[in-house]
Amino acid sequence: MTEITMVEAIRQAMDEELARDDRVFIIGEDVGVRGGVFRATQGLFEKYGEERVIDSPLAELTIVGVGVGAALYGKRPICEIQFADFIYPAFNQIVSEASKMYYRSNGQWTVPMVIRAPYGGGIGGGLYHSQSVEAFFTHIPGLKVVIPSNPYDAKGLLKSAVRDPNPVMFFEPKKGYRLIKGEVPENEEYTVPIGPAKITREGQDISLFTYGMMHHYALQAAEMVAEDGIDVEVVDLRTLYPVDRETILKSVQKTSKALIVHEDNLTGGYGAEVAATIAEWGFMNLDAPVRRLAGPDVPAVPFSHPMQEWFMINAEKIANAVRELAAF
Amino acid sequence: MSLSTEKKKEMFWVMLLSRRLDERAWVLHRQGKIAFHISGIGQEAAQVGAVYAIEKGKDWLVPYYRDLAMMIGMGMTPKEFVMSLLGKAQEPTSGARQMPSHFSLRHANVVSHSAPVATQSPHASGIGFGIKMDGKDEVVLTTIGEGSTSQGEWYEAVNFAAIHELPVVFLVENNQYAISVPQEKQMAVKSAADKACGLGLRGIEVDGTQMFEVYDAVKEAVEIARKGEGPSVIEAKMYRLTPHSSDDDDRSYRTREEVEKHKKQDPLIVMKDQLIEQGLMTEEEYQKLEEKAKKVVDEAVEQANQSPYPKGDEAAAPVYAQEVNHD
Amino acid sequence: MATKVIMPKLGESIVEGTVTGWYKEEGEEIEEYESLLDVETDKVTTEVPSPADGTILKILVPEGETVEVGTVLAWIGEPGEEISEEVEKVVEEHKPFEIVEEEPSTDEPLKGQSAGRDADLGFISPVVSRMAQENNVDLNRVKGTGMDGRITKKDVQRYLEEQEGKPQAEVPIWETPADGDLFRPTEMVFAKKEENIPPKKSITPSMVPGKTIPLSPMRKRIAEHMQQSKRTTPHVTTVMEADMSRVTYHRETAKGEAERNNVHLTYTAYFLSAIISGLKAVPLANSSWTEQGIRIHNKINLGMAVALPDGGLIVPVIKNADDLSLIGIARKVNDLADRARIGKLEPDEVQNGTFTLTNHGTKGSLFATPVINQPQSGILGAGMIQKRPVVINDAIAIRPMVYLSYTFDHRILDGASADTFLARVVDTLENWQ
């Protein structure tokens, strides 16, 4: 086992899949020669050549649309959108085409592609380099939406995504690219299945559902409140769509209190689906209202540091929310 | 440019059958038997000419919703088409999930398309990209209406194909109207082919009512592409003889005189006359073809009528693939 | 100074009494200990002696009226003494039936408390409601530590753990917490509280000519008791027959000796003995249903139903019947039955029965479906002893047979356990030594 950063884990995943399967290729802005603006594809251009790691025009629609076509042909494209904030020109291709192709052709045509993008704030990026976009896509049958929180999962899940015959949206918490380090087995082929959530900290008092960067802070918050005698069960959702309702409901059955934490804006954010799931199917187990701790309903993450920190959630904020819920 | 007589007659037959089938769809709609039909009447010559220029089963077709004649040429049967009009179970393009004329035919390498226009163009480029990566000599033929070339999707697709010299032939079926919007409101250039030079690839104009001229133009572009020498934009100019679809009333945006004028240039009549003039087909043979066409269409309608509707809950699937089935 | 005459508390849980007759009138003189009035409480009529010498200054509660225990019935003193006009209630200081209760309680146990805001309990969350229902928890007993004092899931869990820890057997009956409703009629002591049954539309007899007999207190109580018993308890009756040959033979030989001891040896004594055997073999049949669980009684107190001459029914109880011999039981039977018929039973002689026998066969009834005498879990009916042809070793014989109808509380017993008990009774009778 070696300890690596999340972005390194992502790079390794792509490296291994490019080596394993000729049909895999990467297309995106600056992914080739430059190795990606976050260095996620560093060294891959040199290793696999311009045939497999393609610098695309500055056109997200092209990146995804061409990806769809290539997938129809039989390739396994990994399409990189440089920042999730710029995914919208490709929205038409993702939602109208990629997600619906299999269904609309009655199973004749599949789109085995990955669309990966760094998301999330806390890096001084302002409105257009900090957005969370998962809520748009966790609503589209035919797509899968995956968000890892640590290097081990990032690598395993990305490999699974590449091998998945369906279009997979893979959002990477950019703040954690270098911040989050973790152990990853060396020279060992492994994948993490897309679908199940993971209980990363077992507890009795409160179920805390989260993903991405917030998972990192949730674990910290859990330690903080443990000193107050509050035992938090932390669940890393990992696959947001399809929803792992089973894990969610089983946890609430145990603890009877649920807190959902995500960086994205509160209203209409992914937490609403988790909350509705619990309210609908876990009602008789509830000992308190289901709570969400989420980003404020303002258009996006502001730039100036104090304003950014006002927007962003941290371990302290999570701990306070946990304490409040525990006292109910 | 050597098309045998047989081939030419075959191509005419496809035009004729397609036309009679198309007309029957209009009848069914006005009878209240189907909900929707979008027509290719007036565009058959260009479509058949183009589709015979590719190698069926080897090359790829990424069509749009007026390409009924192309689809007949690619092997879709009239019965299958009527099934899609009626929404019958297991109709081949989508199992009745899509509206009619959203074509797809896996066994003939015809890619499923949707309704937001021009989304198919980047797919064509993507397929071309895959072909090039594999070093194969397959070619992609993709079609689109002239109005849809206003979409960013089309420009990005053509741009990408041009950058990478992909084996894609972008055929623009300019029928001069995008629902009610005429060409001059759609582009500042005289033809979509003119846009090509701005993007750095070949742009060719051709008379879309002349089946064999279109054949020649497309064939040439296909050969160039097959050799790896890059994509082309071909605009075939024709006229949409019917309203946009079964729900459209075209009296609000064009005159009857205009339509009548273009009816005289109806490619079916033009090609029929041409073949007879050139001694490739007799009037009798033609009448026989008409009879045959009617019979085929009648049979298709009857058989399609008898085939069952899907059960409602068939709509629940298929959402997620368990495996890729076209490698 | 004048002396009050108050309605006495004639039994552990008597709450009220009816004045059924005054021996004296206002103005008459009376001696201490002389009988002053008759009071009826739950089927038992008792003479109340005067507490003092003197003149009856005032009678406040006339004949026929029912008042609560402690109510002032009359004043005795010297003529002209001052007395209070109001009918006061004197509350006894000594309350033998004190319940130790931390929480204020409501009238009914909260079985089936649904989630939501409750007037007394505060907010009940869905999981608390569910756990309470599943575990038969009276939420009034649970201390709330949540926000605004609400009962949380943890509170319920803690309560359940504490309940498990309590050793059931050591706690005497009168210390087992009830729902706080003090001074309830005898039969209701361990009974499940009545559920909130919506008032039925009363069915009045149609206007057919006839007469209406007013309800005596006893009739009212019997009606109430029977209704409540049937309503709250699932009654199932299982019937077996017993060959009474050996009992008959034994009785023939033993009754002479009994008479010499002033004991009239009846079949009742045998039935009661056999019941004791059965209860010893199946202790579950000597029990009562409570919300906290099935209470198995340590004592065998057998009640026997006695029909009263002027209509009505009373059930005197032989306490600790298993301590008695057959003759001892017979003696008790005689005594209680005699005194029952003349209305001379003591209040505690009709209380705390754990099982009841009813000889319904005296007028020819073969078998019946008797109603359980709450809060017991079973009642055995003995039908008429009748010579019948029976098959023994594939031959027909004539034997004195009796049908024994055992009605049991199906919440507590099942067919198997009930039949085990009844079979034991049958066996005891059939193999009488």
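**Stop 1: chain A as a whole**

Select chain A. Of its contacts (heavy atoms within 4.5 Å) between residues at least 6 apart in sequence, 82% join residues at least 24 apart. This is a predicted model, in which local features need pLDDT of at least 70, side-chain atom pairs count only at pLDDT 80 or more, and totals for chains, interfaces and linings use all residues. Residues are numbered from 1 along each chain as its sequence is written, chains are lettered from A and ligands numbered from 1 in the order in which they are written, and side-chain values use heavy atoms, with hydrogens and water left out.

Colour by secondary structure. Chain A has 13 helices and 14 strands. These are DSSP runs, numbered from the N terminus: helices are H or I with at least four residues, strands are E with at least two. Chain A has 328 residues, and 66% of them are buried. Buried means under 20% relative accessible area, exposed over 50%, and partly exposed in between (1.4 Å probe, protein chains only).

**Stop 2: a covered strand**

Select residues 258-265 of chain A. This is strand S13(A), and seven of its eight residues are buried. Strand S10(A), residues 206-210, runs parallel to S13(A) over four bridges. Look for Ser207(A) opposite Ala258(A). Strand S14(A), residues 291-295, also pairs with S13(A) in the parallel sense, over five bridges. There, Asn265(A) faces Gly295(A).

**Stop 3: a loop tyrosine**

Select Tyr88(A). It lies in the loop between strand S4 (76-80) and H4 of chain A. Is Tyr88(A) buried or partly exposed? Its relative accessibility is 33%, so Tyr88(A) counts as partly exposed. Beyond residues up to four places away in sequence, Tyr88(A) touches Gln131(A), Val133(A) and Phe136(A). Zoom in on Gln131(A): its side chain makes a polar contact of 2.6 Å with that of Tyr88(A). A polar contact is a pair of N or O atoms within 3.5 Å; within protein, one must be able to donate a hydrogen and the other to accept it, and residues adjacent in sequence count only if both atoms are side-chain atoms.

**Stop 4: where chains A and B meet**

Show chains A and B together. The contact takes 44 residues from chain A and 49 from chain B. About 3,900 Å² is buried between them, with carbon and sulfur atoms giving 58%. Buried area is the accessible area (1.4 Å probe) that two parts lose on being put together, summed over both. In chain A, pick out Tyr73(A), Tyr103(A) and Trp109(A), which lose the most area to chain B, together 21% of what that side buries.

Next, select Lys75(A) and Asp134(B). Their side chains meet in a salt bridge at 2.3 Å, N to O. The rule (a side-chain nitrogen of Lys or Arg within 4 Å of a carboxyl oxygen of Asp or Glu) finds one salt bridge across this interface. It also finds 18 residue pairs in polar contact, both at pLDDT 80 or more. On the chain A side, H3(A) gives the most, with 10 residues.

**Stop 5: a histidine in chain C**

Select His235(C), in strand S11 (residues 235-243) of chain C. His235(C) is buried, at 19% relative accessible area. Its side chain reaches the backbone oxygen of Thr233(C) at 2.9 Å. A polar atom of that side chain also lies 3.1 Å from the backbone nitrogen of Ile372(C).

Technical notes:
Pairing = 2+ DSSP bridges.
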